[in-house]
Amino acid sequence: MEQTGPRQKQAACLSCRRSKIRCEYDVDQERCRRCLRLDVECVRLLYQPGRQKGIKNKRRGLDKALFQIDQAVKRARSGSNKSLEDEQILAQLRQILSDDRGSASTSISPRSQMNSGSYGMPDSSDSSDDDDGRFTSTGAHTPHDHMPRPSLVHRNSDSLAVDDAENPLQLLARASYLQPSPGSRYGKSPQSMRAPSNSDRAKGSIEDLQAFFAPARVNLDIGDDMDPVALGLVSEEEADSLFAFFYQNLAHTRWGLEPRLYTADFTRSRSAFLATSIMAASALFMPSCAALSKRLSNHQKDLAHRVINGRYKSVEIVLAFLVNIPWMFPGKQSTDDESCTYISMATTIATDLSLEKSVVFGEMMEPNARVGFHRGDYLEPRAALAIDGFPDLDPWSDIGRLLLRNRERCWISLFVLERGMSLARGRPFSVPVTRLLKECDNWHRFELADPQDGPLVSMAVLRRDLDGMFSTVRALCDGSRNPSTDGALVAQAIQGSIERFFMQWFTEWGSSIGRGLEGRLPPYVEILVTHTRLSIYGGVINHPTAPLEVRRFFHTAGLSAALSVMRVAIQGESQLQSMPNNTAIMISFAACFALALSAHTTGESILAPSVRNLIEEAATVLIRIGRITKHRNGLSVLYGKYLKQIVKRAVSNGEALRNTAMDTGFGPSPVQHEQHPIMTPNPVIAEDQELWPETFQFSAMSDAQIQQVLNQPGNDLEAGFGGLSWEDMTNFEWLYWPDIGI
């Protein structure tokens with residue numbers, strides 16, 4: 001009979017230790033007798049005989065190394081008892097730190113390579129072979145890989161702040177860092193070498209919970225089944241040319257992309273959705289790319305649904321949604337396009353990735369420099385880069401700063417586009433004004449800034465401050481309820497407030513984004529600014545506490561702004577070939593606003609036919625722009641056609657009303673023509689020519705000339721005209737203008 005050795009000692013299970021009873025078990029049993037009887041898990045730790053004495057035995061592994069380094073540094077600083085071993089430890093530490101800095105610097109391409117667009121980033125073909133994980137874009141790491149492990153409580157000399165106390169999910173993610181790792185300092189028990197037990201399954205469930213509450217990070221939409229080049233939809237040479245066309249002809253219309261960053265290769269390695277969207281937008285405006293445009297557009301729609309269903313998320317996916325919104329094809333009905341859905345998805349993903357937070361470097365987070373900072377408003381650079389899939393990138397490098405700045409640019413672009421879409425379609429705002437937006441006035445003044453950052457920030461500032469302007473005007477109206485208040489003075493105060501608002505904006509931004517000696521704004525930006533002015537007048541045109549003089553001012557100023565929007569569109573047609581859908585809606589709204597107001601002028605003023613002629617011209621421009629290529633199929637075509645129908649209907653209704661008035665003997669009294677000057681530029685008048693032209697040529701006038709025409713006697717509104725309801729006009733039902741008396 002074979003003699004067996006002594007039985008291997010093993011510590012009691014946790015259940016028996018808590019109950020302080022003897023733990024009896026058999027070698028071939030996974031659980032002790034008590035745990036079998038109670039049907040509970042039996043967790044036993046490695047047995048360590050005796051108490052380990054001595055200071056050196058209390059620390060092992062990484063804990064011991066850190067303790068030795070700490071003690072060596074303290075002795076080196078004090079200058080006492082410094083041994084040869086301490087010198088060796090410090091020398092090794094310096095070598096490790098220098099090697100780490102060298103590897104970080106060599107992984108980043110110099111500025112000369114940045115200008116060429118290479119960056120030293122891997123292509124989509126070899127990104128999976130990157131051993132050290134730098135610039136990897138596969139998203140294959142575990143949720144905790146490369147992520148900083150901050151403590152729940154931020155400690156310094158003068159504060160005891162709880163990180164992410166404002167964000168419950170992020171706080172739970174931080175709490176997951178405090179959980180012990182599966183391989184604890186006790187080592188593995190003998191049971192772990194056998195088949196999976198209940199304890200193993202429990203550990204797996206704990207790991208699943210930790211993964212569930214892990215911090216958010218990118219989930220990239222890349223792969224051969226998504227990449228348009230890998231699928232054969234477009235060649236690499238065609239992709240490069242389409243990207244170049246986008247930055248040359250379309251980037252001024254859709255802000256948010258950094259051309260030095262988003263080359264064709266890098267974009268494909270980060271997001272197939274964004275790469276396809278950029279190429280599809282370019283092909284839409286290239287006359288010879290009808291078939292290519294259709295292939296890319298179909299693939300883009302498929303990728304959009306895959307991104308939504310697959311829960312992919314990245315900064316590039318947010319940008320892809322923004323790129324698609326301006327030139328969406330019309331649906332079967334005016335509200336069928338997916339612009340609102342895309343904005344909602346972009347906002348959700350951007351918030352998940354904390355794009356709304358400002359990226360603040362270390363020196364700004366020191367106690368003395370953090371005055372006024374709210375911990376929930378900023379993000380540390382390394383944490384931001386780790387979220388975006390660049391955990392090993394130096395935030396101080398040029399490429400690191402470009403990537404960090406790209407996060408903030410994406411959020412500002414989302415805010416500008418969402419506010420513009422909401423103003424054009426009469427929807428409530430959904431993107432909040434965060435600290436990044438409150439302090440973005442000088443954001444474009446940066447050594448690595450893009451030329452389009454100035455126009456982007458200018459529009460963000462204008463739309464950010466619009467709510468304050470609304471509040472100011474309404475407060476002035478509410479303050480005039482006293483019967484003794486002079487309505488004319490209130491109207492002057494409101495006019496002064498609005499003019500100062502826009503004058504301050506023009507003073508700040510006219511010189512930086514204007515063109516020519518006069519600093520004229522680009523037509524696209526000028527339409528946005530003028531439509532913003534129209535939105536102010538329309539938003540308070542029927543305020544219940546507004547005096548009669550204030551209402552008259554709103555009517556005249558609103559009509560002037562509406563005419564100016566159409567005038568800019570007609571005069572700047574050559575620079576509006578890539579007009580977004582939102583701009584087409586803004587022009588159409590301005591046309592209907594002007595048509596409704598001009599129909600209620602007194603006397604035989606030729607203001608109404610002049611406005612109708614201007615609308616006809618604007619509608620023709622919308623149709624031409626929507627058909628810039630045979631395959632464009634722009635939404636502006638439908639709006640242009642519908643405006644022409646509305647004008648014809650208004651003319652027929654006006655003639656019917658005029659004939660009825662003449663038959664009943666209540667027709668309007670004739671107007672003395674000599675009271676009105678001719679407002680056409682540089683008029684040449686013959687002796688036998690009438691002083692009044694047939695109509696005003698608003699499309700050839702300036703804003704000052706339009707204002708002068710509207711202030712002439714005979715062009716004011718009828719006294720009984722109650723005005724327009726902005727609530728009725730800021731939705732798509734405003735197209736049914738015959739319902740309000742035209």
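I count a residue as buried when its relative accessible area is under 20%. The model is predicted.

Entry 1, aromatic rings. I searched the whole structure and got 12 aromatic pairs. I looked at W255 and Y524: their ring centres lie 5.9 Å apart, with 55° between the planes, and the pair is tilted. W255 sits in the loop between α8 and α9, whereas Y524 belongs to helix α20, 269 residues away. Y262 and F266 are buried. F273, F321 and Y342 make up one aromatic cluster.

I found L379 in strand β4, residues 378-379. Its relative accessibility is 11%, so I list L379 as buried. Which residues beyond four places in sequence does L379 contact? I read off S354, K357, S358, V359, V360, A384, I387 and R407. For S358, 21 residues from L379 in sequence, the C-alpha to C-alpha distance is 6.0 Å.

I took α22 as residues 581-598 and α23 as residues 607-626; their axes come within 9 Å and cross at roughly 165°. Angles over 145 degrees count as roughly antiparallel, and α22 and α23 are therefore roughly antiparallel. Their crossing is left-handed. The residues in contact include A584, I587 and L595 of α22, and V611, R612 and I615 of α23. By class, I recorded 11 nonpolar, two polar and one charged residues in this contact.

Note on methods. Residues numbered from 1 in each chain as written. Predicted model: local features only at pLDDT ≥ 70, side-chain atom pairs only at ≥ 80, totals over all residues. Heavy atoms only, no water. Helix = DSSP H or I, 4+ residues; strand = E, 2+ residues; numbered from the N terminus. Buried < 20%, exposed > 50% of the residue type's maximum accessible area, 1.4 Å probe, protein only. Contact = heavy atoms within 4.5 Å. Axes fitted to C-alpha atoms, helices over the stretch in contact; angles between N-to-C directions. Parallel < 35°, antiparallel > 145°, perpendicular 65-115°, else oblique. Left-handed = near helix turned anticlockwise from the far one by under 90°. Nonpolar A, V, L, I, M, F, W, Y, C, P; charged D, E, K, R; others polar. Phe/Tyr/Trp six-rings, centres within 6.5 Å; stacked < 30°, edge-to-face > 60°.
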